[in-house]
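Reader: Please take me through the ligand site in detail, and then through the aromatic ring pairs. Plain terms will do.

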Amino acid sequence: MRWTERRQAMLREMGLRVWSAPAAADDGGADVAIAEAPAPAAAPEPRQPAAVRSPSRLPPHLPQIAELDWPELRAAVVACRACRLCDGRRQTVFGVGNERAHWMIVGEAPGEQEDKQGEPFVGKSGQLLDNMLRAIGLTRAPAEPARQVYIANTIKCRPPGNRNPETDELAQCEPYLIRQIQLVQPKIILAMGRFAVQSLLRTSEPIGRLRGRVHRYEGVPLVVTYHPAYLLRNLPDKARAWDDLCLAVETAQAAG
Ligand code: URA
């Protein structure tokens, strides 16, 4: 299938060039997405986190979390000292966007820039995320709920040195994300990276085995894709991420 102009534009936003192969006699040619820079050596397969299994999905420190409204939830996150990450944070990173967004984007954890600015995805991977969103007509900037996404992380405090979150940290923080999803009531969730994906889907399957189909989180369609930080290191997978975005767009459209 040839790339449409819209798809080409989307790929360009994601930093991919589209190369058109010469037409074969019977197929009219094929277009191939290629990364703009040569891919570095494949990163080692990230270690699998132990599956997060919080029996009640509620942290012992905040049993009433499922009843909090937005201001209460925000205040609870700001005050949270449930795990060791509170010791190293400059500030918590709650989430940003339209509180009734149709699209909810779930990432992993704040990095240095996010910890400084108090907003998710403001560093380099955030720039790529913004480009990906722009490519499909979405934004984090103020707009109506169909266009302005809500962005949240699985973990609200920066892990020191940007290390991977630990299982207990994920478990303590997860209820905040669960409540955010309940409050937003998105039509679609785009889960980026294995910590978001594995926490929300309660699985230890790698992303490569989960992407390409629509999952459900508490009835909400959920599409799995690579984390933008991973895509910055693994440029050829941007074409797969683009496929994921297309699947998410189709799914959101079908959800009305
Ligand atoms: N990576 C994430 O998953 N979230 C952020 O907020 C920043 C980087």
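Author: A polar contact here is a pair of N or O atoms within 3.5 Å; within protein, one must be able to donate a hydrogen and the other to accept it, and residues adjacent in sequence count only if both atoms are side-chain atoms. The model is predicted, so local features need pLDDT of at least 70 and side-chain atom pairs count only at pLDDT 80 or more, while totals for chains, interfaces and linings use all residues. Residues are numbered from 1 along each chain as its sequence is written, and side-chain values use heavy atoms, with hydrogens and water left out.

Glu 108 contributes a backbone N or O atom that lies 2.6 Å from an oxygen atom of the ligand. The side chain of His 227 places an N or O atom 2.6 Å from a ligand oxygen atom. A ligand nitrogen atom is 2.8 Å from an N or O atom in the side chain of Asn 153. Taken alone, the ligand exposes 230 Å², and the protein buries 93% of that (areas by the Shrake-Rupley method with a 1.4 Å probe; for residues, only the protein chains shown count as cover).

The residues around the ligand, each with a heavy atom within 4 Å of it, are Gly 107, Glu 108, Ala 109, Glu 114, Pro 120, Phe 121, Ser 125, Asn 153 and His 227. This shell divides into 3 nonpolar, 4 polar and 2 charged residues (Ala, Val, Leu, Ile, Met, Phe, Trp, Tyr, Cys and Pro are nonpolar, Asp, Glu, Lys and Arg charged, and the others, Gly among them, polar).

Now the rings. Rings of Phe, Tyr and Trp (its six-membered ring) pair if their centres lie within 6.5 Å; planes under 30 degrees apart count as stacked, over 60 as edge-to-face and the rest as tilted. The count comes to 3 aromatic pairs. Trp 70 and Tyr 150 have ring centres 5.3 Å apart and planes at 40°, so this pair is tilted. The pair links distant parts of the chain, with Trp 70 in helix H2 (residues 70-79) and Tyr 150 in strand S5 (residues 150-153), 80 residues apart (DSSP runs numbered from the N terminus: helices H or I, at least four residues; strands E, at least two).

Trp 70 is buried at 12% relative accessibility, and Tyr 150 is buried at 1% (buried is under 20% relative accessible area, exposed over 50%, partly exposed in between; 1.4 Å probe, protein chains only). The rings of Tyr 226 and Tyr 230 have centres 5.0 Å apart and planes at 20°, so they are stacked. Tyr 226 is buried at 11%, whereas Tyr 230 is partly exposed at 25%.
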